[in-house]
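I opened this notebook to record what I looked up, entry by entry.

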Amino acid sequence: MTTITIYSPKGNTHEVPINKDARVFRQLGGDYYVELSFSVADTLSLPKGSYIFVSEEKYALRSDATPESISGVNGYKYVLKFYSRQHDMEACQIKWYNSKSTELSFRVTTSLRGFAQLIADNMNKYFNPTDDPEVPDVWSFDGELDDTDMREQSFEGVSCWEAINSIANLFGVEWWVDHGEKLTIHFGKCENDGDATDIREGEIVNRFPA
């Protein structure tokens, strides 16, 4: 039986089976998660932040896992969604940083490249609030993004997730994040060729890549 390891923030691990109900769900400009469904004899300690690796990408639980009792037998069923790192944007409130203050409500006029820079800067600041030079930046953006079409957008105490969707709507484009050594923000139109277009909605997988 094929299994996958779940790592807990507390340091313990659990090996759970991968069956026909496992799937990778990736929605352009939306949810990106791995769903696992399995049954075990005893409950598992799977707090918020527990994570798995699939194709070297990390996916984490956004809440404590709660199983369902299996009627008529001694056992428990888990249906778990492990979310990709792009969902960290939901926890980060977008801000305007300057030398004197930090603004939660602000208006900015810039290009797609400038907006991508704004999101990436906020995400890197979220994970390195003290600007520790020893902490590498994880978020980046597509260096080929257009830098000529300038548009105005206001932000009123919203998350980076809400902000990136409003930016995409402003320019009439789509967004996605490449998950590698860095998380790279892209804006544009996905075609059916190239890695960025491998959007698999609700695909059922029997075996995850090693």
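This is a predicted model: local features need pLDDT of at least 70, side-chain atom pairs count only at pLDDT 80 or more; totals for chains, interfaces and linings use all residues.

**Entry: Glu162**

Is Glu162 buried, partly exposed or exposed? I found a relative accessibility of 46% for Glu162, so the residue counts as partly exposed, since that class runs between 20% and 50%. I then looked up where Glu162 sits, and the place is helix H2. I also checked a distance across the chain: the C-alpha atoms of Glu162 and Ile94 are 9.0 Å apart, while 68 residues separate the two along the chain.

**Entry: the two helices**

Helix H2 covers residues 160–171, and helix H1 covers residues 112–127. I noted that their axes lie 11 Å apart and that the packing angle is about 175 degrees. That angle makes H1 roughly antiparallel to H2, because the class takes angles over 145 degrees.

Which residues of H1 and H2 meet? From H1 I listed Leu112, Phe115, Ile119, Asn122 and Met123. From H2 I listed Cys160, Ala163, Ile164, Ile167, Leu170 and Phe171. I sorted this contact by class and got 10 nonpolar residues, one polar residue and no charged ones.

**Entry: Ser159**

Next I looked at Ser159, which lies in the loop between E13 and H2. With a relative accessibility of 10%, Ser159 counts as buried, because the limit for that class is 20%. Which residues does Ser159 touch, leaving out those up to four places away in sequence? I wrote down Met89, Glu90, Cys92, Gln93 and Ile94. Ile94 had already come up in my distance check with Glu162.

**Entry: salt bridges**

How many salt bridges does the structure hold? I counted six, and I looked at some of them in turn.

The side chains of Arg23 and Glu35 meet in one, with 3.4 Å from N to O. This pair links distant parts of the chain: Arg23 belongs to strand E3 (residues 23–26), Glu35 belongs to strand E4 (residues 32–40), and they are 12 residues apart. I checked the cover on Glu35 and found 14% relative accessibility, so Glu35 counts as buried.

Glu152 forms another with Arg107, and here the closest N and O atoms are 3.0 Å apart. For Glu152 I noted 44% relative accessibility, which makes the residue partly exposed. Arg107 has a relative accessible area of 55% and is therefore exposed.

I also looked up Arg151 and Asp149, whose side chains meet in a salt bridge at 2.9 Å, N to O. Arg151 is partly exposed, at 29%. Asp149 is partly exposed, with a relative accessible area of 29%.

**Entry: two loops**

Then I went to the loop between strand E5 (51–54) and strand E6 (57–60), where I found Ser55. Ser55 has a positive phi, near 50 degrees, in a residue other than glycine. Its relative accessible area is 36%, so Ser55 is partly exposed.

Glu56 is in the loop between E5 and E6 as well. What is the phi of Glu56? I read a positive value of about 70 degrees, although Glu56 is not a glycine. At 77% relative accessibility, Glu56 counts as exposed.

Gly180 is in the loop between strand E14 (174–179) and strand E15 (183–188). The relative accessible area of Gly180 is 38%, which makes this glycine partly exposed.

**Entry: the protein overall**

I ended with the totals. The protein has 210 residues, of which 41% count as buried. I found two helices and 16 strands. Among contacts with a separation of 6 or more, 63% come from residues 24 or more positions apart. The accessible surface is about 11,800 Å², and carbon and sulfur atoms hold 44% of that area.

Definitions and conventions: Residues are numbered from 1 along each chain as its sequence is written. Side-chain values use heavy atoms; hydrogens and water are left out. Helices (H or I, at least four residues) and strands (E, at least two) are DSSP runs, numbered from the N terminus. Buried means under 20% relative accessible area, exposed over 50%, partly exposed in between (1.4 Å probe, protein chains only). Contact means heavy atoms within 4.5 Å. Accessible areas come from the Shrake-Rupley method with a 1.4 Å probe; for residues, only the protein chains shown count as cover. A salt bridge is a side-chain nitrogen of Lys or Arg within 4 Å of a carboxyl oxygen of Asp or Glu. Axes are lines fitted to C-alpha atoms, for helices over the stretch in contact, and angles run from 0 to 180 degrees between N-to-C directions. Angles under 35 degrees count as roughly parallel, over 145 as roughly antiparallel, 65 to 115 as roughly perpendicular and the rest as oblique. Ala, Val, Leu, Ile, Met, Phe, Trp, Tyr, Cys and Pro count as nonpolar, Asp, Glu, Lys and Arg as charged, and the others, Gly among them, as polar.
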